Amino acid sequence: QSTRTPLMAGNWKMNLNHLEAIAHVQKLAFGLTDKDHDAVEVAVLVPFTDLRSVQTLVDGDRLRIKYGAQDVSAHDHGAYTGEISGPMLSKLKCEYVAIGHSERRQYHGEDEEVVNAKVKAAFAHGLTPILCVGEGLDVRKAGNQVGHTLAQLDGALKDVPAEQAARIVVAYEPVWAIGTGEVATPEDAQEVCGAIRGRLAELYDQELADGVRIQYGGSVKAGNVAAIMAQPDVDGALVGGAALDPEEFVRIVRFRD
Ligand code: PEP
């Protein structure tokens, strides 16, 4: 784990307009020190309409905060009304893009094929996918969380070559823990994150698997993040609700203190 720099990413979901985004990133920048940035990579995944404002602030003030989008089209351009493409995001110097978030899967019908195409589109345009996987409550109750999540991983990485897969970030987000206040136990998080690393070693090789960062997501807060981060295969957190409060997010980044 020591060779993997933890990644704390805030998923703002559909919150904060571009003016609020500027104020929020300023507060984050004010709260975070170089020591924080040396220890942990910090990213915000913002609504499309905020990206230009966040880019201007980050570039202009040389902030060490990374930013990205919450979704990307599988297509590069064309008649896809309402979609945003990989080339558009890379032009805005996005580093990351969330792909296959459970809210996309649930409300927008994204299946493995779509998620796989979006992962390929992200890599093709120099974006790092934060691939979201994880089981719903019914699957968890049936005890099939590992099988379910690994099937999502297999589908998302179909025909993705090792040199690209080596750069992916995987976020294990049990759907029953997202936005519910019900956080997985550290052991639950480790069980599936460890299995994800094991499957990456099978699909590619151990060296690649050891280098990939695997996040946990689902009701992470300053008060519960340290125990989760103490697990050997958890390399960061994808944070929804708690990331909307800059002071709380800074405390999450400082999980070691
Ligand atoms: C998320 O949106 O990815 C998430 C984990 O949300 P929350 O932290 O609010 O559960």
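This is a predicted model: local features need pLDDT of at least 70, side-chain atom pairs count only at pLDDT 80 or more; totals for chains, interfaces and linings use all residues.

User: Where is His101 found, and what does His101 touch?

Analyst: His101 is in the loop between β4 (96–99) and α5 (102–107). Leaving out residues up to four places away in sequence, His101 touches Gln70 and Cys132.

User: Which residues does the "active site" annotation cover?

Analyst: The UniProt annotation, from an unreviewed entry, covers His101 and Glu173.

User: How do you know that they gather at one spot?

Analyst: They span 73 residues in sequence, yet no two of their C-alpha atoms are more than 8.4 Å apart, so they gather at one spot.

User: Where does Glu173 lie, and which residues does Glu173 touch?

Analyst: Glu173 lies in the loop between β6 and α10 (186–203). With residues up to four places away in sequence not counted, the contacts of Glu173 include Cys132, Ile178, Gly217 and Leu238. Cys132 is touched by His101 too.

User: Gly217 belongs to β7, I see. How do you know that β7 is mostly covered?

Analyst: Strand β7 runs over residues 213–217, and five of its five residues are buried.

User: Which residues sit on each side of β7?

Analyst: Arg213, Gln215 and Gly217 are on one side, with Ile214 and Tyr216 on the other. Those residues are all buried, so both faces are covered. As for the pattern, side chains in a regular strand alternate between the two faces of the sheet.

User: What makes β6 and β7 a pair?

Analyst: Two strands pair if there are at least two bridges between them. β6 (residues 169–172) and β7 have four bridges, in the parallel sense, and Val170 stands opposite Ile214. β7 and β8 (residues 236–239) also pair in the parallel sense, over two bridges, with Gly217 opposite Leu238.

User: Last one: how many residues surround the ligand, and of what kinds?

Analyst: 14 residues surround the ligand, and the closest are Asn11, Ile178, Gly217, Gly240 and Gly241. The shell divides into five nonpolar, seven polar and two charged residues. Ile178 and Gly217 are also among the residues that Glu173 touches.

Key
Residues are numbered from 1 along each chain as its sequence is written. A residue is near a molecule or strand if its C-beta atom, placed from the backbone, lies within 6 Å of it. Ala, Val, Leu, Ile, Met, Phe, Trp, Tyr, Cys and Pro count as nonpolar, Asp, Glu, Lys and Arg as charged, and the others, Gly among them, as polar. A residue is buried if 20 or more other C-beta atoms lie within 10 Å of its own, exposed if 12 or fewer, and partly exposed in between; C-beta atoms are placed from the backbone. UniProt positions are given in the numbering used here, feature names are shortened, and annotations may be inferred rather than shown by experiment. Two residues are in contact if their C-beta atoms, placed from the backbone, lie within 7 Å.
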